[in-house]
Amino acid sequence: MDFDKDKFKNVLHFIIYKCGFRNTVGRTVIHKLLYFSDFNYYKEFNQSITNESYIKKERGPMPIHFEMAIENWLRKIR
C-alpha cells in the first residue's frame, strides 16, 4: 500500500490537538506518538493507519513525511 498523505495529516493534527501546546511535547514526542499509533493499529488490525515508513534516529523512530506535513500545515496558517 502507498503512503496515505491525508490520513497521516489527520493523525498528526489529532495528536497535536490532543497534546495541546504543552512544553513537554516536542517533535520527538510527536514522532513517537505517530509511530506507536501506527504500530498499535497494525498490531490490532494487521494494517497501518497511514502506511508511513519510519527511519531509525538516535531518539526513536521518525516518520519520513513528517517535515512535509508540517511545512504544508505552516503554509496554510500563515
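Okay, let's start on the outside: Asn 10, Tyr 17 and Lys 18 are exposed residues of helix H1, on the face turned away from its buried side. Exposed means over 50% relative accessible area, buried means under 20%, and partly exposed is in between, with a 1.4 Å probe and protein chains only. Helices here are DSSP runs of H or I with at least four residues, numbered from the N terminus.

Quick background: this is a predicted model, where local features need pLDDT of at least 70, side-chain atom pairs count only at pLDDT 80 or more, and totals for chains, interfaces and linings use all residues. Residues are numbered from 1 along each chain as its sequence is written, and side-chain values use heavy atoms, leaving out hydrogens and water.

So what's on the other side? The buried residues of H1 are Phe 8, Lys 9, Val 11, Leu 12, Ile 15 and Cys 19. They sit on the same side of H1 because they cover an arc of only 165° around the axis, going by the directions from the helix axis to the C-beta atoms.

Now, the largest nonpolar core has 10 residues, among them Phe 8, Ile 30 and Phe 66. Such a core is a set of buried Ala, Val, Leu, Ile, Met, Phe, Trp, Tyr and Cys residues joined through side-chain atoms within 4.5 Å. Helices H1 (5-19), H2 (27-45) and H3 (66-77) each give two or more residues to this core, and H1 gives the most, with 5.

Last, the ends of H1. Asp 4 caps the N-terminal end, with a side-chain oxygen 3.3 Å from the backbone nitrogen of Asp 6. After H1 comes Gly 20, with a positive phi near 65°.

Key
Polar contact = N/O pair within 3.5 Å; in protein donor to acceptor, adjacent residues only side chain to side chain.
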